[in-house]
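Here are my notes on the model you sent over. Have a look at the structure first, then read on.

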Amino acid sequence: MLKLRKIITLLIFGFLFGVAGASFSPSIYSWVGLFSLLSLICCLLAILYRQDKVYIISSILFFGVTLGLIRFSFSNNLLNRPLPDCSSAKNLCVGSIISNPDKRDNSTRLIVRLDNYQNKVLIFTDNFSDYSYGDKISFVGEVVRPSNFLTDEGEVFDYQNYLRARGINQVTY
């Protein structure tokens with residue numbers, strides 16, 4: 001029988017392979033189905049052939065790939081959430097500041113979780129108002145997806161993924 005350490009290693013390797021593979025595929029759900037089916041078939045073959053190690057290892061590896069694909073699809077859904085309409089006083093957005101305000105020279109940056117959405121929005125505002133963690137605020141502004149930009153060195157900064165790693169997929173200025 002396989003040791004627990006080897007099983008965990010196979011699951012982690014499969015998981016990482018699933019996440020990496022999903023980033024190159026436009027249709028994740030068909031791959032989830034395929035690898036789930038392969039995992040089930042290998043598991044059944046392991047039972048049929050009296051726990052043949054090749055089938056057990058394959059089953060664990062395919063199961064790890066399936067978990068990686070599913071995890072990637074959850075993080076990818078963050079980008080596909082609808083943008084709230086906060087463009088007028090009629091469509092006022094309300095939310096809570098969920099981290100300490102970041103005061104810069106020209107602006108203050110607030111991370112706000114909107115009440116009617118599960119989205120986090122990065123708000124750029126002036127330095128004249130005093131905000132604190134936990135404050136409930138309302139704002140009007142065009143909520144957009146962040147865009148990448150060129151740095152002073154001429155390289156593209158991947159601002160979308162930088163913010164996405166922090167759970168933020170929308171900004172307003």
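This is a predicted model: local features need pLDDT of at least 70, side-chain atom pairs count only at pLDDT 80 or more; totals for chains, interfaces and linings use all residues.

1. Residues are numbered from 1 along each chain as its sequence is written, and side-chain values use heavy atoms, with hydrogens and water left out.

2. The average pLDDT (the predictor's confidence in each residue, from 0 to 100) is 81 for the protein, and 88% of the residues score at least 70. Helix H3 (residues 53-77) has the lowest confidence, with a mean of 80, while strand E3 (residues 108-114) has the highest, at 90. Helices here are DSSP runs of H or I with at least four residues, strands are E runs of at least two, and both are numbered from the N terminus.

3. Helix H1 (4-22) and H3 each give two or more residues to the patch, with H1 giving the most, at 5 residues.

4. Helix H2 (residues 28-48) has 21 residues. Its buried residues (under 20% relative accessible area, 1.4 Å probe, protein chains only) are Ile 28, Val 32, Phe 35, Ser 39, Cys 42 and Ala 46. Seen down the axis of H2, these fall within an arc of 100°, so they line one face of the helix.

5. After H2 comes Arg 50, with a positive phi near 55°.

Conventions: The expected span of a helix is 1.5 Å times one less than its number of residues. Buried means under 20% relative accessible area, exposed over 50%, partly exposed in between (1.4 Å probe, protein chains only). The arc is that of the directions from the helix axis to the C-beta atoms.
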